Amino acid sequence: RIMPVRWSRYNPSYLEPEVKKESYQKPLEELTEEEREQMELKAVRPIKAAPPTLSSSVFSDPMISKFTNMMMKSGNKVLARSLMSQTLESIKRKQLEKYHKAPENEKETIECNPYVIFHQALKNCQPIIGLSNITRGGKTYQVPVPLTDNRKRFLAMKWLITECRENKHRRTMMPEKLSQELLLAFNNEGPVIKKKHVLHKMAEANRAYAHFRWW
Amino acid sequence: TLRLICTTTAVQRKNVGASGPEKYTEAFIKKQIEEFNLGKRHLANMMGEDPETFTQEDIDRAIAYLFPSGLFDKQARPMMKHPTEVFPEQRKIQWGEDGRPFHFLFYTGKQSYYSLMHETYEKFLNVQKHQDQLIAQDLPLQKEKRNLAGSRWLTKIELEEMLVEKLSDDDYSRFIQLLQKLVALPCADMEENYIQKFSKEVPVQLQKVVIEPLQYNEQGVAFSTGEGKRKTARATAVVYDNGTGKITVNGIDILHYFPVLQDREQLLFPFQFLGRIGKHDMVCTVSGGGRSAQAGAIRLASAKALRSFVTEKEVEFMRQAGLLTVDPRMKERKKPGQEGPRRKFTWKKR
């Protein structure tokens, strides 16, 4: 199928750039058949320019940049980026506090890396199944529907951000509230996880309508 | 429905020949060709050249000399071309004197498209039958993979020209899917001739860019220059060897010129990718654009300058990482009747 892109300034034959250094240092023998074909294709086709948010340094993470873009308001990337870094810093501080207070045997179980906490929290928030409105005979039913990876990630990030923007005290700053939510989600607690469970229960309740789905 | 649109100039030609019934008779076109040849000989006589060896380029030059025009659009100026280029190809009348059409699929409306699909599917079934015979006889199937990387399928416009008939996007994508299914079969080699009619070679030579050699300044330090652009920013970068990793932009250090971390990350991206962070010094000049555009322009300029310091393989890696392509995205223009490039005015019921 032709992938529906509304309007792209690149010719459709342009391929996506691969920024990670490790993928270029693999010797030829380790690659599978598909990867070899991909390499040959890349050698012939032109490649799009790397976007300004993507970089080969250790500090750039595609998930973090996606989250920062979703937090951004009216194109203020500077503010969004600083909020994100403050969030990660506050997560690290809280975890270090816990680490120094904990007894010897529990010190190894406490996770201090904020990136690991972020990724794990997002994974815990992702719903497995979603609902979609299908109209049959005048009535609209909520039908349980499988979700794609992109859609799951988007829903998890969207829930986190809306939760942090609405359910907080007027005086709490966004990084503080976000770090709180991320730590709760990392331990499978908190309002976002509850929302995910509610969605799963609704899908289970509407199981009878699952056959309405035609795709 | 969603349409795939991109703004390369090749896509913008309209297929005029396939629309509507015949506009010029064959006799008319023959007369035009005779007149063109006569005119060519007269023109050669006028210019004092040999009528036998008068090529199309000579005709163009002669016409530009005799009828100078200051018009901007090249196609609005006076031109003299062979009638087959001026009058587009069109179909002859598809039915005989009694009104009965020649082709059996005439009443489908898109006879050439459907006959093409039927032919391709017939070949597909033949290949499958051949495959089944080989399996029945327990012979091994030929598994020579066709080199997909060096060829591309015909575009929709080229296919329309070939069939002299209008196609829709859906029709075109179905045809390409059928061709891909045919090629994916192991015994597709027997239909190689047929498939080659619909595939074109992509010349790899397009990507061969000349890498400039290193230049040396008075102290013997090697340096190279590069130019880059992004949106409206234009930048030139001079990368010196045996450096400490200092980067200067318009005479100002990058810490002061780019207070945002993202821009500095972009500047260091080519160096970090090649692992040469502390080894080069850079002096750049940049003008135009905004903060992010200037950073992108300097990134492209430094990547182009670094090509001279680095092996060909690493240049290829840089290209595949997207460091050497000019970003074509520009600010979209505002259209009349709308508030911005996409945003429409607020809809009011009354």
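User: What is the relative accessible area of B:Lys110?
Analyst: This is a predicted model, in which local features need pLDDT of at least 70, side-chain atom pairs count only at pLDDT 80 or more, and totals for chains, interfaces and linings use all residues; side-chain values use heavy atoms, without hydrogens and water. Residues are numbered from 1 along each chain as its sequence is written, while chains are lettered from A and ligands numbered from 1 in the order in which they are written. The classes are buried (under 20% relative accessible area), exposed (over 50%) and partly exposed in between, with a 1.4 Å probe and protein chains only. B:Lys110 counts as partly exposed because its relative accessible area is 25%.

User: Which residue forms a salt bridge with B:Lys110?
Analyst: A salt bridge needs a side-chain nitrogen of Lys or Arg within 4 Å of a carboxyl oxygen of Asp or Glu. For B:Lys110 the closest N and O atoms are 2.9 Å apart, and the partner is B:Asp171.

User: How many residues apart are B:Lys110 and B:Asp171?
Analyst: B:Asp171 is buried, at a relative accessible area of 9%. The pair B:Lys110 and B:Asp171 links distant parts of the chain, B:Lys110 being in the loop between α3 (83–86) and α4 of chain B and B:Asp171 in helix α6 (residues 169–184). Helices here are DSSP runs of H or I with at least four residues, strands are runs of E with at least two, and both are numbered from the N terminus.

User: In the salt bridge of B:Arg61 and B:Asp58, what is the N to O distance?
Analyst: Both B:Arg61 and B:Asp58 belong to helix α2 of chain B, three residues apart, about one turn of the helix. B:Arg61 is exposed because its relative accessible area is 56%, whereas B:Asp58 is buried at 14%. Their side chains meet with an N to O distance of 2.7 Å.

User: How many residues line the largest cavity?
Analyst: A cavity is a set of points on a 1 Å grid over the protein atoms alone where a 1.4 Å probe fits but cannot get out, and lining residues have an atom within 4 Å of a point. Its volume is the space filled by probe spheres set on the points, which are joined across faces, edges and corners. The structure has one cavity of 30 Å³ or more, and the largest cavity holds about 90 Å³. Its lining consists of 14 residues.

User: Which element gives the most to the lining of the largest cavity?
Analyst: A:Ala49, B:Arg230, B:Gly296, B:Arg299 and B:Asp327 lie nearest the centre of the largest cavity. Two or more lining residues come from each of β4 (222–230) and α10 (291–306) of chain B. The greatest contribution is three residues, from α10(B).

User: Which residue forms a salt bridge with B:Asp327?
Analyst: B:Asp327, one of the lining residues nearest the cavity centre, is buried because its relative accessible area is 4%. The closest N and O atoms are 3.0 Å apart, and the partner is B:Arg329.

User: What distance separates the C-alpha atoms of B:Gln128 and B:Gly99?
Analyst: B:Gln128 is in helix α4 (residues 111–136) of chain B and counts as partly exposed because its relative accessibility is 31%. B:Gln128 and B:Gly99 are 29 residues apart along the chain, and their C-alpha atoms are separated by 40 Å.

Terms used: 1 Å grid on protein atoms, 1.4 Å probe; cavity = no way out; pocket = protein on both sides within 12 Å on 5 of 7 lines; lining within 4 Å.
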